[in-house]
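Open the model in your viewer and keep the selection tool at hand.

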Amino acid sequence: MVAVGSMTGLGRRVPIARRGISGLLESLLAVAGVLVLGAVLLAITGHDPVVAYRELVSRTLLRPTGVQEILVRATPLLLAGCAVLVAAKVGVWNIGIDGQVLVGALAGAITADALTGAGRPWLWLGAALAGLVAGGVWGLVPALLRARLGINEIVTTIMFNYMAMSLTAWLVKGPLRDPSLVVPQTTVIDRALRLPTLGDTRVHLGLVVALLVTGVLGWVLQRTVIGYELAVTGANPRAARHGLIPVATYVLVAFVASGAIAGLAGVNDVLSTKGVFQAEWNPSYGLPAFALVFLARRQVAGLVPAALFLGLLSYGADVMPRAAGVAPAFFEVLEGALLVALALGAWARSRRGQLREDAP
Amino acid sequence: MNVDAVLTALLGAALLGSVPLMLAAVGESIGERAGLLNLGIEGTMLIGGFAGFWVALRFDDLPLGLLAGAVAGLLTGAIFALLAVVAKADQIMIGLGLTLAGGGLTGFLFREVYGSDQPLLPSTMGRPFAGAGDGLPVIGPALLDQKWFVYVAWIIVAGSQVLLHRTSFGLRLRAAGEAPFAVDAAGIDVTRTRFAAALIAGTLTGLGGASMALVELGFFRPNVTLGAGFIAIALAMLGRLTPWRVAAMAVLFGLLRGLDAGLQLTDIPVRAEFLQMVPYAGVVIALIVLGRHMALPAALGRPYVRGQARGDEV
């Protein structure tokens, strides 16, 4: 019998409640460290970090429109985070999020266009299903290659990202192009047919869907046998096999689910903020989603606050050039440094756990 | 249209365009052989590219720029090594973090230094053997009408091949990736060996990024690599982490990429976007054909902790 503590890779003798709190502290420390690093970078390049951060906070967190925009940005990021987390639970890295978002978004846009006469709920449902299937298929192929031929999924998913970019660009510029428009894109979805906003805000129904997906994911992972077996598969495949858990099937299912959720994130964008699928769109959700999942300490409960933080960074990248003359790339530095800081935190924790176990 | 001229141009462009990929992929191979899976290649290439471009433009000196790119790569490799080898933190997280941060940092600094300008390098690189191969159709000019750094890159590939497979350091390095516990038991410092591998890998990757800006393109822009770093990782695996095979794969990839431009010259009605898929699909197909159950280093991606035996038996 394997102790649950050791299966999650954490110190065996640390009670779960304390683990949660120290994990939260660790994430907060990483965020603080990254913000300090950002301040140093700003100071070196001749910006006033205090002014820059004050502008960031006042334009994002202290304005109703800012808060709404953070929620809008957090929506696809939350879905992308769910996608990364599902795959991470079984121990595979889905770096193909962006490709799956793209094919999902295009499938959603085409389906929505075909269903314009069917009424809004059917249009949304059809587009969502199309996105789930397209994203899932785009995840299935690398998963099958890994399961059947032992081909590393990191490399194939990255290749599938680039293939998705060219494939969707080709489809939109050629066969699927709206001939009445100069810009290569699918037919624009009428505003009245897009996801409705919540009250008098910019926040739309997609956020509710993303929260629902997160909730269902949390329920499956934490309250069902499937979730338990997925976690065992990820923590210790050998033990899982001995426990007669169908490891290969679970890896495949998790990868397809991951792709499908990423596809849904693409549909969300098409049905809300974008309204079309445009060629040469690079969603760039994949790497931030990794930062998001590790910031959430790979726990479903942490995904929402982590998505809000990354949504803040995403919106910050839009407002900071005008507000403080800081290039948007600054926020990529923060996201990258966040991943590194979290990796260091995880290492420090494993060391502490090690020491505790070594003690008599 | 002159078929020979087109073929020469395609082959020549493939050889030139494969240089950055080749250097980065050989660098990644050296790291992976030592057990380090570095997904930060893309960021390292951008850092090397920006540093090289900044120096080359400032001093109007291409060799100095290439050197600066290599040094920037070395420093980035040192950061990766400190985090992944010394601190033993998760390599995937650090690699992805480096890619994000490297892309962000170079994009940020580019705007800081050049604003909205898009400067070009004033001078281009010399072609020492230009005209020497004109006697031989297609292949002669394509091989010998190249900028001098192309030949330097091939020398580096040959040197890496020798280093990995013909020196005792190379043997230790490969052993640190296959069986670090055995290396440790033999009294060799695994940490030091892997650190050295990460430094060499970073240097070659930074040089690769600099060569893209200074040799292939003549300019640097934010995110100019467009995923070349990730392609380098795929090429390293396709070439089974052996420098000469990896270099050959880089040239093949360059040729596939050239198909795009080549077919545009013919009358065959194919859209450019469709052809852009070909090299990436080619990599996947090549992996299916060549890469079944590919033997990667046994300890790839795993930090070595003395006494913690082989990692997966927790």
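For the packing of two helices, axes are lines fitted to C-alpha atoms over the stretch in contact, and angles run from 0 to 180 degrees between N-to-C directions. Keep in mind throughout that this is a predicted model.

Stop 1: Chain A has 14 helices and 0 strands, so read along the sequence its pattern is simply α repeated: α-α-α-α-α-α-α-α-α-α-α-α-α-α. The radius of gyration of chain A is 21 Å, close to the 21 Å that the globule rule gives for 360 residues, so chain A is as compact as a globular protein of that length. Of the 360 residues in chain A, 52% are buried.

**Stop 2: two helices of chain A.** Select residues 64-89 of chain A, which form helix H4, and residues 205-223, which form helix H8. Their axes come within 9 Å and cross at roughly 20°. An angle under 35 degrees counts as roughly parallel, and that makes H4(A) roughly parallel to H8(A). The crossing is left-handed. Now show side chains: H4(A) brings residues including A:Leu71, A:Leu78 and A:Cys82 to the contact, and H8(A) brings, among them, A:Leu207, A:Val213 and A:Leu217. By class, this contact has 10 nonpolar, 3 polar and 1 charged residues.

**Stop 3: two helices of chain B.** Move to chain B and select helix H2 (residues 41-59) and helix H9 (residues 190-217). The two pack at an angle of about 55°, with their axes 7 Å apart. H2(B) and H9(B) are therefore oblique to each other, and H2(B) passes H9(B) in a right-handed crossing. Look for glycines here: the contact includes B:Gly48, B:Gly49 and B:Gly52 of H2(B), and B:Gly202, B:Gly206, B:Gly208 and B:Gly209 of H9(B). Its residues divide into 11 nonpolar, 9 polar and no charged.

**Stop 4: where the chains meet.** Show both chains together. How many residues does each chain give to the contact? Chain B gives 43 residues and chain A gives 40. On the chain B side, select helices H4 (91-114), H10 (228-238) and H12 (272-290), the elements that give two or more residues. H4(B) gives the most, with 16 residues. Colour that side by class to find 26 nonpolar, 9 polar and 8 charged residues.

Conventions. Residues numbered from 1 in each chain as written. Chains lettered and ligands numbered in written order. Predicted model: local features only at pLDDT ≥ 70, side-chain atom pairs only at ≥ 80, totals over all residues. Contact = placed C-beta atoms within 7 Å. Helix = DSSP H or I, 4+ residues; strand = E, 2+ residues; numbered from the N terminus. Nonpolar A, V, L, I, M, F, W, Y, C, P; charged D, E, K, R; others polar. Rg over C-alpha atoms; globule rule 2.2 N^0.38 Å. Buried ≥ 20, exposed ≤ 12 C-beta atoms within 10 Å, placed from the backbone. Parallel < 35°, antiparallel > 145°, perpendicular 65-115°, else oblique. Left-handed = near helix turned anticlockwise from the far one by under 90°.
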